[in-house]
Amino acid sequence: MIEYDKNAIVPPYITEYLRDKITHGDALLHEMEEYAVERSVPIVEPETARFLSVVCRAVKPKKILEVGAAIGYSAILMAKAAECEISTLEYDDDMARIARENIEKAGYADKIKVIEADAKDYLSYIDEDEIFDIIFLDGPKAHYIYMLDECVRLLKKGGIIVTDNVLYKGMTADDNHVVRRKITIVKRLRRYVDMLMENKELETAILPLGDGVTVSVKI
Ligand SMILES: C[S@@+](CC[C@H](N)C(=O)[O-])C[C@H]1O[C@@H](n2cnc3c(N)ncnc32)[C@H](O)[C@@H]1O
């Protein structure tokens with residue numbers, strides 16, 4: 001039985017049903033899931049992980065950019081789903097080291113590059129020639145508002161930006177759910193969602209999946 005967060009946006013019985021349907025049988029990913037629970041490392045939720053994998057298989061990207069590697073779980077998951085190069089940004093050196101170790105174990109050292117950098121500065125240094133088919137934002141939620149223009153610049157036409165945790169335990173959608181100490185992040189996530197919806201170069205769907213996911217296509 002999975003442990004449920006009482007503030008989760010999806011009712012527990014639905015989450016239980018969804019998770020019951022998702023099995024992957026990958027020993028390394030299982031090991032990483034257990035490590036993440038034991039050490040409280042936030043990695044993508046199982047239903048979001050499956051969604052990401054399906055997006056990768058459908059888009060068949062050549063290049064993916066990820067913001068927020070943590071232990072490399074979602075990067076490995078995406079590498080399994082697509083023949084592509086992945087650059088993943090991580091500013092915590094311990095996390096970056098563990099991510100590299102896991103990527104090596106998975107046999108994707110030539111496919112996934114962990115870049116130790118603060119994403120909010122680093123994005124502006126990436127050359128426009130280095131265009132991406134998928135950008136997965138799973139890093140500093142309060143800074144997505146400052147990253148969006150760079151992400152759009154670095155995204156191929158028809159490319160996809162997937163952003164995790166946009167509903168943030170429901171706080172983005174409703175004042176009554178807001179925890180006081182999270183108010184700044186919540187305000188910025190609300191602004192980020194508005195920016196996505198108003199951006200003329202993007203069409204965005206907001207999915208109540210996991211902790212809330214947006215999928216934006218560059219038109
Ligand atoms: C939610 S975790 C990423 C989980 C990972 N995508 C997965 O599902 O396996 C967010 C990560 O973003 C990193 N991070 C936060 N702010 C960052 C920044 N400004 N630049 C780069 N990495 C950042 C954190 O250190 C953390 O490891």
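Helices (H or I, at least four residues) and strands (E, at least two) are DSSP runs, numbered from the N terminus. The model is predicted, so local features need pLDDT of at least 70 and side-chain atom pairs count only at pLDDT 80 or more, while totals for chains, interfaces and linings use all residues. Residues are numbered from 1 along each chain as its sequence is written, and side-chain values use heavy atoms, with hydrogens and water left out.

The ligand is surrounded by 19 residues, each with a heavy atom within 4 Å of it. Gly-68, Ser-74, Glu-90, Asp-118 and Asp-138 are the closest. Helix 4 (73-81) and strand 2 (85-90) each contribute at least two residues to this shell. By class, the shell holds 11 nonpolar residues (Ala, Val, Leu, Ile, Met, Phe, Trp, Tyr, Cys and Pro), 3 polar residues (the others, Gly among them) and 5 charged residues (Asp, Glu, Lys and Arg).

Gly-68 places a backbone N or O atom 2.8 Å from a ligand nitrogen atom. A polar side-chain atom of Asp-118 lies 2.8 Å from a nitrogen atom of the ligand. For Asp-138, a polar side-chain atom is also 2.8 Å from a ligand nitrogen atom. On its own, the ligand has 610 Å² of accessible area (Shrake-Rupley method, 1.4 Å probe). The protein covers 91% of that area.

Key: A polar contact is a pair of N or O atoms within 3.5 Å; within protein, one must be able to donate a hydrogen and the other to accept it, and residues adjacent in sequence count only if both atoms are side-chain atoms.
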